[in-house]
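Visitor: I would like to learn how to read a few features of a model. Please take them one at a time, with the general idea before the case.

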Amino acid sequence: MSPETACIFCHIVAGRAPAAKIVETEHALAFLDLFPSTDGHTLVIPKRHYENLFEADEETLPEVHLLARRVARAMRQALAPDGMMALQLNGAAAGQTVFHYHTHLIPRRAGSELRIHGREQADPAHLAALAARIGAELE
Ligand code: 5GP
Ligand code: ZN
């Protein structure tokens, strides 16, 4: 089985798996994390499958990160967090659990517990509403 066939993010890109999508461009997609660390926790991915930063291609990587900046700005408008954590994990030893390149955008409140991964699955209806709120602030 190819990595793409088994990859949940490839299924989301192709529309075969559900996700609260915020926005997509030709090569990149932003959607809400299903197990959010904080409310609004977002993932920005290349539509093309590659595993990590080491494998990333020059065509899509800039687009992924320009989209991350655009979405981070919209999240700041929609959610008014105190700060925004942007991070990207490479390899299981670094905490990577989905092996399709992605950047996390995690809105943070002053003094809140510092976590990358959430423990509970979010309500899909809540995520859909949040995606619409963030999407409405996109420039
Ligand atoms: P990593 O640990 O690989 O940096 O992060 C993978 C992220 O993907 C985790 O935050 C996890 O909650 C999220 N995730 C895993 N499966 C799904 C899914 O099916 N849908 C969505 N929207 N997020 C997922
Ligand atoms: Zn993939």
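## Reading the model

Visitor: Which residue in β3 is the bridge partner of L32?

Guide: In general, the strands of a sheet pair through backbone hydrogen bonds, in a parallel or an antiparallel way. Here L32 has T42 of β3 as its bridge partner. Keep in mind that this is a predicted model.

Visitor: In what sense do β2 and β3 pair, and over how many bridges?

Guide: Strand β2 covers residues 28–32 and strand β3 covers residues 42–46; they pair in the antiparallel sense, over 5 bridges.

Visitor: What is the order of the strands in the sheet?

Guide: The sheet is open and has 5 strands, in the order β1-β2-β3-β5-β4, with antiparallel pairing. At its edges are β1 (21–24) and β4 (83–87), each of which pairs on one side only. From one strand to the next, the twist averages 15°.

Visitor: How is β1 joined to β2?

Guide: A hairpin makes the link, through 3 residues. The two strands, β1 and β2, pair in the antiparallel sense over 3 bridges. Within that pairing, E24 stands opposite L29 of β2.

Visitor: Over how many bridges does β3 pair with β5?

Guide: The pairing of β3 and β5 is antiparallel and has 3 bridges. V44 has its bridge partner in β5, namely T103.

Visitor: Is β3 enclosed or open to the outside?

Guide: Count the buried residues, where buried means under 20% relative accessible area. In β3, 5 of the 5 residues are buried, so this strand is largely enclosed by the rest of the structure. Both of its faces are covered: one side carries T42, V44 and P46, the other L43 and I45, and all are buried.

Visitor: Is A28 buried or exposed?

Guide: A28 belongs to strand β2. Its relative accessible area is 0%, so A28 is buried. For a sense of distance, the C-alpha atoms of A28 and P107 are separated by 20 Å, while the two residues are 79 apart along the chain.

Visitor: Now the aromatic rings. How many aromatic pairs does the structure hold?

Guide: A pair of aromatic rings is described by two quantities, the distance of the centres and the angle of the planes. The structure holds 2 such pairs. One of them is F9 with F31, an edge-to-face pair at 5.3 Å centre to centre, with 80° between the planes. Because F9 lies in helix α2 (residues 8–14) and F31 in strand β2, this pair ties together parts that are 22 residues apart in sequence. F9 has 6% relative accessibility and therefore counts as buried. The value for F31 is 2%, so F31 counts as buried. Y50 and Y101 form a tilted pair, 5.7 Å centre to centre and with 45° between the planes.

Visitor: Which parts does the pair of Y50 and Y101 tie together?

Guide: Y50 is in the loop between β3 and α3 (61–79), and Y101 is in the loop between β4 and β5 (103–108), so the pair ties together parts that are 51 residues apart in sequence. Both tyrosines, Y50 and Y101, are buried.

Visitor: How many disulfides does the structure hold?

Guide: A disulfide is a covalent bond that joins the sulfur atoms of two cysteines. The structure holds 0 of them.

Visitor: Which atoms coordinate the zinc ion (ligand 2)?

Guide: The zinc ion (ligand 2) is coordinated by SG of C7, SG of C10, ND1 of H49 and ND1 of H100, at 2.0 to 2.3 Å. The spacing of these donor residues in sequence is C-x2-C-x38-H-x50-H. As for the cysteines, C7 counts as buried because its relative accessibility is 7%. C10 counts as buried too, because its relative accessibility is 10%.

Visitor: What is the geometry of the site of the zinc ion (ligand 2)?

Guide: For four tetrahedral donors the ideal angles at a metal are 109.5 degrees. The 4 donor atoms of the zinc ion (ligand 2) make angles of 104 to 118°, and the site is tetrahedral.

Definitions and conventions. Residues are numbered from 1 along each chain as its sequence is written. Chains are lettered from A and ligands numbered from 1 in the order in which they are written. This is a predicted model: local features need pLDDT of at least 70, side-chain atom pairs count only at pLDDT 80 or more; totals for chains, interfaces and linings use all residues. Side-chain values use heavy atoms; hydrogens and water are left out. Two strands pair if DSSP finds at least two bridges between them. Helices (H or I, at least four residues) and strands (E, at least two) are DSSP runs, numbered from the N terminus. Axes are lines fitted to C-alpha atoms, for helices over the stretch in contact, and angles run from 0 to 180 degrees between N-to-C directions. Rings of Phe, Tyr and Trp (its six-membered ring) pair if their centres lie within 6.5 Å; planes under 30 degrees apart count as stacked, over 60 as edge-to-face and the rest as tilted. Buried means under 20% relative accessible area, exposed over 50%, partly exposed in between (1.4 Å probe, protein chains only). A disulfide is a pair of cysteine sulfur atoms within 2.5 Å. Donors are N, O and S atoms within 2.8 Å of the metal (3.2 Å for Na, K and Ca); water is not among the atoms, so sites may look incomplete. Four donors count as tetrahedral if all angles lie between 85 and 135 degrees; four count as square planar and six as octahedral if opposite donors are over 155 degrees apart and all others between 65 and 115; anything else is irregular.
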